[in-house]
2 protein chains.
Amino acid sequence: MSAVQLFPAPIATVDAVLLTLRQGALCVGLITREQPPFTGLLALPGGYVHIPEDATLEAAAARILRDKARVECRFLEQLATFSGEARDPRGWSLTVVYFALVPEAELLAAGGALALHPVAGLPPLAFDHAAIIDAAVSRLRGRSSYSALPAFLLPPLFTLTELHAVYQQVLGTRLDPASFRRKITDQGIVEAAESRRVGAHRPAALFRLRAGQARSFLHRI
Amino acid sequence: MSAVQLFPAPIATVDAVLLTLRQGALCVGLITREQPPFTGLLALPGGYVHIPEDATLEAAAARILRDKARVECRFLEQLATFSGEARDPRGWSLTVVYFALVPEAELLAAGGALALHPVAGLPPLAFDHAAIIDAAVSRLRGRSSYSALPAFLLPPLFTLTELHAVYQQVLGTRLDPASFRRKITDQGIVEAAESRRVGAHRPAALFRLRAGQARSFLHRI
DNA sequence: ATAATAGTGTCTCTCAGACACTATCGA
DNA sequence: TCGATAGTGTCTGAGAGACACTATTAT
């Protein structure tokens, strides 16, 4: 390694995959590109790191989602870094991708410039963003079977029936309600809130995620 | 987003965490830095992406390990990207980190410039490399409980007793030999090789990883 | 035969799925 | 009282750990 950098630097960007559930369908937040390349195509929200404003890449992703969707995501985590010569016609590039889970209600309340599109049946996307979204959905599905990730698709307070429905929608399988309740409550993943959800029928207890323990279970769902 | 990039580009590099087992101890391959910053300290092998020689970041990581350790790793996967202003005194930087598993025998046969150091009790390292190694070890430990990753710490052909020992060393726990054998063989993770390991006592059947199925199990180990 | 390592049979306990049951609300 | 949703009790079957057992080699 010499002191002088002999190689051109790759173009480095940050992109964000924001996932939410709308009417039981997993959706991703996209923008329509206004500049080349890929003008007019849908793309993930993203951009350059703002130095020194962004302390880290994660901060850059949070800023991008704050600007585009007007939300502070309770779940934001690095997905992976995608790279290569072919993904951007301007040249060799890399993009560090973060993935966020947001309840739909929060997105709607915030307004924001992202349009929600069901991840099943997306139109052609800019760059390699279709593959990136596939990777994010795979991560969500994979982690959902042994973690509390799907809870981040609900508001901070939720009933176990709602959580059960979200797990079923994300995993695409039926889960026995009784076993589900036991697993969730036994493992200390959630804690009971004081209030109850009142409605037309028997009120349901409300729960919230326990801080820190939200990520992984002892046993599979 | 304007057409002109208004922000300085971060310094982008690739680093590799090469892990192996030596006498039951998990070890990482390190070099001694010859240039500033951190001259004289131990560091992960790494460097700039060579454009256009490296087709992707993974190819850059493979090249770095080929140059420094003279090995082609059968397991090489992206770990995460680390970033920030503080990790490199030259300024805001990001490094895309790959993590590799190699059997010790292969490393020794290859020679190479990496020195193996037990991950328990490392001296101070350059940059944030201590935190990066922690992340790699956590990933290995976490994935080992439900995947065949530890098998990559053995040569392509191995006995179930050897695999059992490697799992115990990586996980740091005792595993029942009978249960272990059943789980490994029942799940189609390995397939029997034709040959057997001959020695001073009863010969053991040799196995290899089944291509594709190497990554994840139905049930925990 | 013996030592040593390889590999199996079988018991038990725990946990997940199935599903019938009870509980609590509004109308 | 009924309909609807919330939540529980209990049976059963699968799988993991424990551990005693058998198998196969060299010496």
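Predicted model: local features only at pLDDT ≥ 70, side-chain atom pairs only at ≥ 80, totals over all residues.
Across the interface of domain 1 and domain 2 of chain A, the rule finds zero salt bridges.

## Inside chain A: two domains

Where are the domains? Domain 1 of chain A covers 3–144 and domain 2 covers 149–218. Their contact draws on 15 residues from domain 1 and 14 residues from domain 2. Take the C-alpha centres of the two domains and you get 28 Å between them.

About 1400 Å² is buried between domain 1 and domain 2 of chain A, and carbon and sulfur atoms give 67% of that. Which three residues of domain 1 supply more of its buried area than any other three? Leu21(A), Arg74(A) and Ser144(A) do, with 39% of what domain 1 buries against domain 2 of chain A.

In terms of secondary structure, the elements giving two or more residues to the domain 1 side of this contact are β1 (11–22), β5 (75–84), β6 (93–101) and α3 (129–144) of chain A. Helix α3(A) gives the most, with four residues. Sort the residues on that side by type and you find eight nonpolar, three polar and four charged.

## Between the chains

Now for the pair of copies. Chain A can be laid on chain B with an RMSD of 0.0 Å, using a turn of 180° and a shift of 0.0 Å along the axis. The two copies are thus related as by a two-fold rotation axis. In chain A, the C-alpha nearest that axis belongs to Ala80(A), 3.2 Å away from it.

Do the copies meet through the same surface or through different ones? Through the same one, because 100% of the interface residues of chain A are also interface residues in chain B. Each chain's share of the contact is 30 residues from chain A and 30 residues from chain B.

On the chain A side, β5 and β6 of chain A are the elements that give two or more residues to the contact with chain B. Strand β5(A) gives the most, with five residues. The residues on this side divide into 18 nonpolar, nine polar and three charged.

| Interface | Buried area | Carbon and sulfur part | Salt bridges | Polar contacts |
| Chain A and chain B | about 2800 Å² | 64% | zero salt bridges | seven residue pairs |

## Salt bridges elsewhere

So where do charged side chains pair up? Searching the whole structure finds 22 salt bridges over all chains. One of the pairs in chain A is Arg139(A) with Glu77(A), whose side chains meet at 3.5 Å, N to O. Arg139(A) sits in helix α3 and Glu77(A) in strand β5 of chain A, so this pair ties together parts that are 62 residues apart in sequence. As background, side chains of opposite charge can pair when their charged atoms come close.

## Backbone details to check

Most residues other than glycine have a negative phi, and most peptide bonds are trans. A few spots here are worth a look with that in mind.

Ile51(A) and Pro52(A) are joined by a cis peptide bond, with omega about 5°. Pro52(A) lies in the loop between β4 (46–47) and α1 (57–69) of chain A. In the other copy, a cis peptide bond joins Ile51(B) and Pro52(B), omega again being about 5°. Pro52(B) is found in the loop between β4 (46–47) and α1 (57–69) of chain B.

Phe127(A) has a phi near 50°, a positive value in a residue other than glycine. Phe127(A) belongs to the loop between β7 (115–118) and α3 of chain A.

Finally, have a look at both ends of helix α5 (residues 177–186) of chain A. Asp176(A) caps its N-terminal end, with a side-chain oxygen 3.2 Å from the backbone nitrogen of Ala178(A). Just after α5(A), Gly188(A) takes a positive phi of about 70°.

Key:
Residues numbered from 1 in each chain as written. Chains lettered and ligands numbered in written order. Heavy atoms only, no water. Domains from an automatic or database assignment. Contact = heavy atoms within 4.5 Å. Buried area = accessible area lost by both parts, 1.4 Å probe. Salt bridge = Lys/Arg side-chain N within 4 Å of Asp/Glu carboxyl O. Nonpolar A, V, L, I, M, F, W, Y, C, P; charged D, E, K, R; others polar. Least-squares fit on C-alpha atoms with pLDDT ≥ 70 in both. Polar contact = N/O pair within 3.5 Å; in protein donor to acceptor, adjacent residues only side chain to side chain.
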